[in-house]
Amino acid sequence: MAEDNKDNGGAPAGGAPQGDMALPSIQIAAQYIKDLSFENPSMGINVRQPQIEFSVDLQAKRMPDNGPYEVIMKLRVSATQEEKTIFLLEMAYGGIFVLERVPEEAVQPILLIECPRMMFPFVRRIVADLVSDGGLPPLMIEPIDFAQLYRNRLARASAEQGQQLRQA
């Protein structure tokens, strides 16, 4: 039995490729703040228990000439207390990703789930620092379930498509 492996260089029978030669890969080429706005209209107010509203939107597109992909995470965070705005933060945070050996059907989920997951720790830190530098206690954003956001996006698109078909 051991003799059989000597003929093919010690590789297991069946000719399956060894190592990571065929595995898909995701590389972050760059991360950057694309747009940023922080307003602090109620400086000096005694902040007790503000109402925090948070929204996130994801966009992904391929760069020209079949280049890498750009993923943009848009955040909007507002804090109010007793009908007064304490702060408003809006940020578009971008990442440039190189995908190699990724099957076509996996590209969109990777761009809208895995890439934002890789960017999130940096976004979280920027938000915490901005709010703190604005004279307020740092805001630590809870982890985001990007897979659930993706499922919600697919459900919304499916519902819109169904509604368009009914109207036709």
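Trainee: Which residues is Ser78 in contact with, leaving aside its neighbours within four places in sequence?
Mentor: Gln51, Ile52, Glu53, Phe87 and Leu88. Bear in mind that this is a predicted model.
Trainee: Where does Ser78 sit?
Mentor: In strand 3, which covers residues 69–81.
Trainee: Is Ser78 buried or exposed?
Mentor: Buried. The relative accessibility of Ser78 is 10%, and the cut-off for buried is under 20%.
Trainee: Phe87 was in that contact list. Where is Phe87 placed?
Mentor: In strand 4. Phe87 counts as buried because its relative accessibility is 4%.
Trainee: What does Phe87 touch, beyond four places in sequence?
Mentor: Val77, Ser78 and Ala79 are among its contacts. The list also has Phe38, Glu39, Pro41, Val131, Leu136 and Leu139.
Trainee: And how far is Phe87 from Ile52, C-alpha to C-alpha?
Mentor: 9.6 Å, with the two 35 residues apart along the chain.
Trainee: Now the core. Which residues touch the most other members of the largest nonpolar core?
Mentor: Phe87 and Val127, out of 34 residues in that core. Strand 3, strand 4, helix 2 and helix 3 (146–167) each give two or more residues to it. Helix 2 has the largest share, with 12 residues.
Trainee: What does Val127 touch, not counting residues up to four places away?
Mentor: Leu75, Leu89, Met91, Leu139 and Ile141. Leu139 is on the contact list of Phe87 as well.
Trainee: Is Glu82 buried or exposed?
Mentor: Exposed, because its relative accessibility is 60% and the cut-off is over 50%.
Trainee: What about phi of Arg101?
Mentor: Near 55 degrees, again a positive value in a residue other than glycine. Arg101 is in the loop between strand 4 and helix 2 (104–133). Arg101 is partly exposed, at 45% relative accessible area.
Trainee: Last thing, confidence. What is the average pLDDT of the chain?
Mentor: 87, and 86% of the residues score at least 70.
Trainee: Where does pLDDT stay under 50?
Mentor: Over residues 5–12. The model has six contacts beyond four places in sequence for that stretch.

Notes:
Residues numbered from 1 in each chain as written. Predicted model: local features only at pLDDT ≥ 70, side-chain atom pairs only at ≥ 80, totals over all residues. Heavy atoms only, no water. Helix = DSSP H or I, 4+ residues; strand = E, 2+ residues; numbered from the N terminus. Buried < 20%, exposed > 50% of the residue type's maximum accessible area, 1.4 Å probe, protein only. Contact = heavy atoms within 4.5 Å. pLDDT = per-residue confidence, 0-100. Core = buried A, V, L, I, M, F, W, Y, C linked by side-chain atoms within 4.5 Å.
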